[in-house]
Amino acid sequence: MAANITELLKEVGKSDQAIKAHKLSSTDYDEIVKILNRAPNLIELGIFSAMWSEHCSYKSSKKYLKGFPTKAPWVVQGPGENAGVVDIGHNLCAVFKIESHNHPSFIEPHAGAATGVGGIMRDIFTMGARPVASLNSIRFGNVNDEGELGRKHRYLLRGVVEGIGSYGNCMGVPTIGGEMSFESCYNGNILVNAFCLGLAKKNEIFYAKAEGIGNPVIYVGSKTGRDGLGGAVMSSDSFSSHSKAMKSAVQVGDPFAQKLLLEACMELFKEGLIVGIQDMGAAGLTSSSFEMAGRSQSGMILHLDKVPMREEGMNPYELMLSESQERMLICAKKGCEAQVLAIFEKWELDVAIIGEVTKSGIMELYWYGEKCAHIPIAELSENAPMLDMPLRPKPPQTHKAERLETHLSTQEIFLTLLGSVEIANKKWVYTQFDSSVQSNTITPAGSGDASMIRIKGTDMGLAMSVNCNMRYCYLNPKEGAKIAVATAGRNCVINGAKPLAMSDCLNFGSPNNPEVMWSFEQVCEGIKEACKFLNTPIVSGNVSLHNQSDSVDIYPTPSIVSVGVIDDVAMAIPSSFQTQGNTLILLGEIKAEFGGSLAQKLLEGRIYGVIPHIDLERELALWNLLLEATQERLIIAAKDIGQGGLALTLAKMALSNGECKAMGCNVHTSLPSPVLFAPSQSCVVLEIAGENLSTLKQKAKKHKVPLSEIGCVGGEHFCVDEINLSLEEMSEMYFESFESLMKRDL
């Protein structure tokens with residue numbers, strides 16, 4: 001039975017409360033009236049609200065994204081589609097993207113994280129690629145707080161991990177890595193960023209377009225319900241302690257339905273029956289239909305009463321704005337309707353012809369034969385308000401922070417860092433993820449700086465790593481962003497892979513804060529500079545603003561994913577000690593640089609000062625040296641100097657991931673004791689066979705990379721300058737402290 005839509009069709013006056021409820025300004029309303037040449041009705045107002053939300057239009061950030069390096073000979077598709085595509089050889093492409101699901105995960109951690117994973121997977125297989133690997137970047141507040149705050153964030157962390165694991169595991173897509181961090185700035189607004197990578201043949205990539213007059217528009221997947229209503233608008237607003245929990249705006253995912261949808265789409269792609277396909281993501285049917293028609297400069301007619309509905313009494317407003325999961329919109333070739341319907345019916349999925357492509361340039365929506373909306377498509381997208389938000393530079397950090405203010409001994413500092421939530425092993429997290437499904441995983445979570453999969457049918461492998469030090473980006477957003485790009489790429493190189501391209505998820509606070517927008521501008525400039533110099537273009541990404549609670553903005557958090565290729569997975573380099581007696585080498589120079597470091601945060605209880613310097617020319621030289629040494633099989637194991645410095649890098653190499661026997665080391669450096677914990681950039685520890693030292697020295701000299709012999713692998717103790725501990729004592733603290741914390745409330 002048709003829902004009564006009389007009220008929805010009434011024109012919305014400028015003073016109506018509906019304008020405010022839809023997060024539109026008076027200026028926005030005037031522009032809408034200008035575009036329509038009349039006042040909008042409530043359905044049209046909802047569509048404009050969703051499409052002009054920060055989440056969909058990037059109205060505060062778009063101007064700063066111009067100029068990103070997006071092209072290279074191996075780039076098939078850059079930003080602007082559902083995901084980026086790079087040519088990896090053998091007529092194969094890697095298709096990948098990272099995206100945020102922050103607000104939903106804070107409201108409903110399990111459902112929010114699960115649907116974030118589901119959404120990014122749809123972005124991948126919409127392009128015709130089968131998902132083969134996932135990563136995540138998740139950030140929480142004071143999880144080890146003794147009071148209510150700590151209990152809340154442990155609850156959030158448990159829910160997010162369960163959501164990521166359950167969806168990925170049910171889909172049969174391995175979750176092979178990620179990163180996790182904890183800062184008080186996330187107390188009121190956690191971050192959940194999901195990444196997925198898929199593989200497709202180069203000549204079988206599909207795009208989000210709707211062209212060809214008379215071609216049918218087909219809805220496929222799950223039925224539409226009222227879950228997720230207003231999700232895009234909700235994600236474009238800030239939280240406060242007085243905000244009502246918008247649980248209805250959080251989608252409900254069904255990974256088993258998505259698995260059927262994936263297989264049905266894979267079958268569909270083989271038959272050559274369609275012109276284009278688009279995931280119904282943020283803003284649901286609204287964004288998918290307008291984006292497909294807009295990219296093709298077409299028009300579209302949709303009969304909303306033909307949309308499969310999960311609930312009774314639904315109306316056009318709800319159907320256009322619902323963000324129910326596991327749905328796709330297809331533009332099929334005329335005459336192929338029966339074949340398309342048969343494929344989805346075979347997989348027991350809902351499927352319905354709901355419209356057709358026109359040449360009008362207008363989106364025409366009908367409800368049981370009555371027109372309920374009439375919107376010029378190009379005008380809606382091209383006239384989305386682009387805001388020029390004010391910028392206010394933060395005062396620069398001038399203190400060099402060349403020492404640590406602490407009375408602890410070197411060994412006490414080491415143990416403090418080793419058992420911290422930032423450093424302690426996260427096996428409690430990644431054992432909840434199936435990392436071996438599909439049987440391609442070479443380097444799973446917890447086993448290296450990057451994660452790697454093999455590409456079946458070839459000798460090749462793909463490495464991927466996600467990174468961002470948000471403390472660096474807070475103190476110096478431009479340099480912090482450059483470090484994030486360099487570190488993500490370096491992690492792939494350490495694994496033996498050459499970085500090809502990157503995806504970014506730019507998480508920031510409120511755009512109404514001039515310091516936030518200045519930081520955003522600076523981060524974008526840093527990414528542009530680093531990606532251009534290192535020849536790793538940005539091919540996909542996402543912007544997430546309004547990550548703020550009670551006027552507290554998160555730190556600038558540009559999560560950067562690097563994807564690299566290795567010609568032969570047999571050359572993949574592990575990150576743990578391998579053989580007793582092998583030589584340990586330090587590449588690069590470690591300096592007394594503690595600004596924004598983990599040691600500074602934990603020992604002094606604050607972060608300040610000048611962050612470690614990144615020299616991109618030296619970074620690229622390091623990459624070239626490592627890749628050359630990998631080809632000649634000179635490297636036995638390698639690990640990047642990360643947070644915690646040389647001492648903690650060596651500790652992780654010694655302790656491995658708990659699945660192999662721990663192996664000690666004997667290291668002597670000329671560094672002042674606190675500098676063992678300094679996270680200097682472009683520094684790597686290598687394990688090599690002693691007979692290869694001379695050859696490696698020659699190569700390091702050629703590439704102008706500093707090299708120091710610092711010790712050897714072996715023994716039952718961890719001996720690094722003044723630190724002398726048994727592996728058993730270290731293992732207990734490293735492997736058990738985080739799990740004990742997460743079981744505290746259970």
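# Reading a predicted protein chain

Visitor: Is C468 buried or exposed?

Guide: C468 is buried, at a relative accessible area of 5%. Buried means under 20% relative accessible area, exposed means over 50%, and partly exposed lies in between, with a 1.4 Å probe and protein chains only. This is a predicted model, in which local features need pLDDT of at least 70 and side-chain atom pairs count only at pLDDT 80 or more, while totals for chains, interfaces and linings use all residues. Residues are numbered from 1 along each chain as its sequence is written, and side-chain values use heavy atoms, with hydrogens and water left out.

Visitor: How many disulfides does the structure hold?

Guide: A disulfide is a pair of cysteine sulfur atoms within 2.5 Å. By that cut-off the structure has zero.

Visitor: How is the protein chain divided into domains?

Guide: Domain bounds come from an automatic or database domain assignment. Here they give domain 1 (1–41), domain 2 (153–192 + 394–743) and domain 3 (214–358). The centres of domain 2 and domain 3, taken over C-alpha atoms, are 39 Å apart.

Visitor: What share of the residues is buried, and what share of the contacts joins residues at least 24 apart?

Guide: Of the 746 residues in the protein chain, 64% are buried. Contact means heavy atoms within 4.5 Å. Among contacts between residues at least 6 apart in sequence, 84% join residues at least 24 apart. Helix 23 (residues 645–655) is mostly covered, with 10 of its 11 residues buried. Among them are G645, L646, T649, M653 and L655. Just after helix 23, S656 has a positive phi of about 55°.

Visitor: Where does UniProt place the feature "active site"?

Guide: UniProt positions are given in the numbering used here, feature names are shortened, and annotations may be inferred rather than shown by experiment. The unreviewed UniProt entry places "active site" at H55 and H101. They are spread over 47 residues of sequence but cluster in space, with a largest C-alpha distance of 10.8 Å. H55 is in helix 5 (residues 54–57). H101 is in the loop between strand 3 (92–100) and helix 7 (102–107).

Visitor: Which residues is H101 in contact with, leaving aside neighbours within four places in sequence?

Guide: H101 contacts G112, T115, G116, V192 and Q251, with those neighbours left aside. H101 counts as buried, at 14% relative accessibility.

Visitor: Where does UniProt place the feature "binding site"?

Guide: The unreviewed entry places "binding site" at D123 and D279. They span 157 residues in sequence, yet no two of their C-alpha atoms are more than 6.4 Å apart, so they gather at one spot. D123 is in helix 8 (residues 109–125), and D279 is in strand 8 (residues 274–279). D123 counts as buried at 5% relative accessibility, and D279 counts as buried at 5%. Not counting residues up to four places away in sequence, D123 touches N82, A83, K97, E99 and D279.

Visitor: Does Q297 count as buried or exposed?

Guide: Q297 counts as exposed, at 74% relative accessibility. Q297 sits in the loop between helix 12 (284–296) and strand 9 (299–303). From Q297 to A332 is 35 residues in sequence and 17 Å in space, C-alpha to C-alpha.

Note on methods
Helices (H or I, at least four residues) and strands (E, at least two) are DSSP runs, numbered from the N terminus.
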